[in-house]
Amino acid sequence: MKFGIMTRNPEAWSSAQIREALTKRNIAYECFTFPRLVARLAYRPYFKVNSISILEDLDALIIRPIGRGSLEELVFRMDMLYKLERQGFYMVNPPTAIEHCVDKYDVLALLEDVGVPVPRTLATESVNEAIKAFHELGGDVVIKPIFGSRGQGATRVNDIDIADTIFKAITFHHGVIYMQEFIEHGFSDVRAFVLGDKVISSMRRVAQGWKTNYSRGAKPSPAEISDEFKELAVKAAQTVGCKVAGVDILEGPDGPRIVDVNSQPGWKGLQVVAKVNIADELVKFVLSEIKK
């Protein structure tokens, strides 16, 4: 048996944890990046990296963040994943989930469709409509890039002049204005780690400000979340097609709101407070899936 690990950096913490978990089980692995992958059509092997044929030599692929790239590079990477999926190859996460989760509007739209509570959100290419929405949302909003992670580029704005300047800058560069009502959450939120149909671990991320990303300095704190939160997290992950997901939940005055579903979550902070070895649980899950 042999696994593939698609990772920008095999020494990155989460990737190293996966390698260690595989080694403990005597499972061989191959780490590689998308740029090293060769795709063929009308002759085989369809996918090859170095001397490895993906379809013939590997049993499963664990996909870590696919990395930055041009629009052409990113579309091509997703095309390859969809081709692998059509060949019956097992991946975690599937390409549909990755595609949904990279797009903040798409994720929340899907969640709202199935009744999962999300923040009041507006997306538009019109500065005038964005200004109207700024007032509709209470004059205190968070403006985010639709494509982005780790809180990068997210800005809290409660001044209409500043908002107007940001809106114009976004549209000048042909971006989409995407903003949400600011939800008071006491400088903390909940991260639930979903694997299959259950939450295997969770934590509270406690920050010094309103951004609660671990990568931006928030501290992990143990948190045994309620059944309601677990059900919401699992429903959110399954709605967007994730087999593994990091689901972020804000506890606002009007109840929980799902603000993000991450299809390629890291767990360095979570592992500090987790009662299970997350990488080991992930490997066990993949083994159970490919034996079905």
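Leaving aside its neighbours within four places in sequence, which residues is G269 in contact with? Counting contact as heavy atoms within 4.5 Å, G269 is in contact with M203, Y214 and P220.

## Basis of the model

This is a predicted model, in which local features need pLDDT of at least 70 and side-chain atom pairs count only at pLDDT 80 or more, while totals for chains, interfaces and linings use all residues. Residues are numbered from 1 along each chain as its sequence is written, and side-chain values use heavy atoms, with hydrogens and water left out.

G269 is found in helix α9, where helices (H or I, at least four residues) and strands (E, at least two) are DSSP runs numbered from the N terminus. At 2% relative accessibility G269 counts as buried; the term buried stands for under 20% relative accessible area, exposed for over 50%, and partly exposed for what lies in between, with a 1.4 Å probe and protein chains only. The C-alpha atoms of G269 and M203 are separated by 8.7 Å, and these two residues are 66 residues apart along the chain.

S188 lies in strand β12 and is buried, with a relative accessible area of 10%. Its side chain makes a polar contact of 3.3 Å with the side chain of R204, a polar contact being a pair of N or O atoms within 3.5 Å; within protein, one must be able to donate a hydrogen and the other to accept it, and residues adjacent in sequence count only if both atoms are side-chain atoms. Neighbours within four places in sequence aside, S188 is in contact with R204, R205, V206, T212 and L250.

## Aromatic pairs

Rings of Phe, Tyr and Trp (its six-membered ring) pair if their centres lie within 6.5 Å, and planes under 30 degrees apart count as stacked, over 60 as edge-to-face and the rest as tilted. By this rule the count comes to two aromatic pairs. The rings of W13 and W267 have their centres 6.5 Å apart and their planes at 75°, so this pair is edge-to-face. Because W13 lies in helix α1 (residues 13-24) and W267 in the loop between β16 (255-262) and α9 (268-273), the pair ties together parts that are 254 residues apart in sequence. W13 is partly exposed, with a relative accessible area of 29%, whereas W267 counts as buried at 1% relative accessibility.

F193 and W267 form an aromatic pair that is edge-to-face, with 6.0 Å centre to centre and 80° between the planes. This pair links distant parts of the chain, with F193 in strand β12 (residues 188-195) and W267 in the loop between β16 and α9, 74 residues apart. F193 is buried, with a relative accessible area of 0%, and ring pairs link W13, F193 and W267 into a cluster.

## Helix α1

Helix α1 has 12 residues and reaches 17 Å from its first C-alpha to its last, close to the 16 Å expected at 1.5 Å a residue; the expected span is 1.5 Å times one less than the number of residues. The buried residues of α1 are S14, S15, Q17, I18, R19, A21 and L22, and they pack against β1 (2-6), β2 (28-32), β6 (60-63) and α10 (278-290).

N26 is found in the loop between α1 and β2 and is exposed, with a relative accessible area of 75%.

## Helix α7

The 13 residues of helix α7 (residues 160-172) should span 18 Å at 1.5 Å a residue, and the end C-alpha atoms are 18 Å apart, which agrees. The buried residues of α7 are A163, D164 and F167. They cover an arc of only 100° around the axis, which puts them on the same side of α7; the arc is that of the directions from the helix axis to the C-beta atoms. What covers these buried residues includes α6 (127-136), β9 (141-143), β10 (155-157) and β11 (177-181), while the face turned away from the buried side carries the exposed residues D161, T165 and F172.

At the start of α7, a side-chain oxygen of D159 reaches to within 2.8 Å of the backbone nitrogen of D161. The helix is followed by H174, whose phi is positive, near 60°, and H174 is exposed, with a relative accessible area of 76%.
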